[in-house]
Amino acid sequence: MPPSEIVDKLKDTPEQHTVVGPLVAYLVASGWKLEQIVFGKAEWRVPKTPSEATKREKGRSYDGFPVDIAVFDGPEYVGDYRHVLFLIECKQSNEQAGISQLESYFVGEPHAQLGVWCNNPGAGAPATFIYRSLDGRTILKRQKVKDLPRP
């Protein structure tokens with residue numbers, strides 16, 4: 001069970017309590033600061049289209065896809081789309097749907113270098129990692145939750 005400082009920020013859904021909360025706790029135990037992770041009730045939103053991204057860049061409201069977990073490169077940069085390091089998606093029931101969703105997130109979050117899909121917070125659980133290469137291509141690797149980046 002994650003600590004109350006994490007549980008208090010979760011939405012009241014089974015997925016949030018069984019996967020998202022424990023994954024956030026795992027990230028914190030791995031050295032990330034809770035203050036640099038957006039999740040739960042404060043879900044990060046990825047713009048649905050390039051025009052929605054332009055609205056976000058101008059500080060206007062925009063239509064976006066909610067992401068289960070977004071990690072920023074420091075607490076001082078939370079909320080700044082230019083500092084999104086990686087995204088984690090937990091909802092999709094199968095790997096292919098999760099991969100498709102992450103690939104669409106990469107369109108809206110060009111600064112993110114990694115997207116992860118997993119539905120089990122255990123360190124040995126399977127996870128699909130999608131990396132963005134320097135030339136913009138995506139590279140898919142099947143790894144484990146324990147392979148999530150550390151600060």
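Trainee: In which sense do strand β4 and strand β5 pair?

Mentor: Keep in mind that this model is predicted. Strands of a sheet pair through backbone hydrogen bonds, either parallel or antiparallel. Strand β4 covers residues 114-117 and strand β5 covers residues 126-132. Over four bridges, their sense is antiparallel.

Trainee: What is the bridge partner of Trp 117 in β5?

Mentor: Look across from β4 to β5, where the two strands pair. The partner of Trp 117 there is Thr 128.

Trainee: Which are the edge strands of the sheet?

Mentor: The sheet is open, has six strands and mixed pairing, and runs in the order β1-β2-β3-β4-β5-β6. An edge strand here pairs on one side only. That holds for β1 and β6 (138-144).

Trainee: What angle does the direction of helix α4 make with that of β5?

Mentor: Helix α4 spans residues 95-108 and packs on the sheet. It touches β1, β2, β3 (84-89), β4, β5 and β6. With the direction of β5, the angle is about 25 degrees.

Trainee: How many residues apart are Trp 44 and Phe 72?

Mentor: Trp 44 lies in strand β1 (residues 37-47), Phe 72 in strand β2 (residues 64-72). Both residues are buried. The pair links distant parts of the chain, 28 residues apart.

Terms used
Residues are numbered from 1 along each chain as its sequence is written. This is a predicted model: local features need pLDDT of at least 70, side-chain atom pairs count only at pLDDT 80 or more; totals for chains, interfaces and linings use all residues. Side-chain values use heavy atoms; hydrogens and water are left out. Buried means under 20% relative accessible area, exposed over 50%, partly exposed in between (1.4 Å probe, protein chains only). Two strands pair if DSSP finds at least two bridges between them. Contact means heavy atoms within 4.5 Å. Axes are lines fitted to C-alpha atoms, for helices over the stretch in contact, and angles run from 0 to 180 degrees between N-to-C directions.
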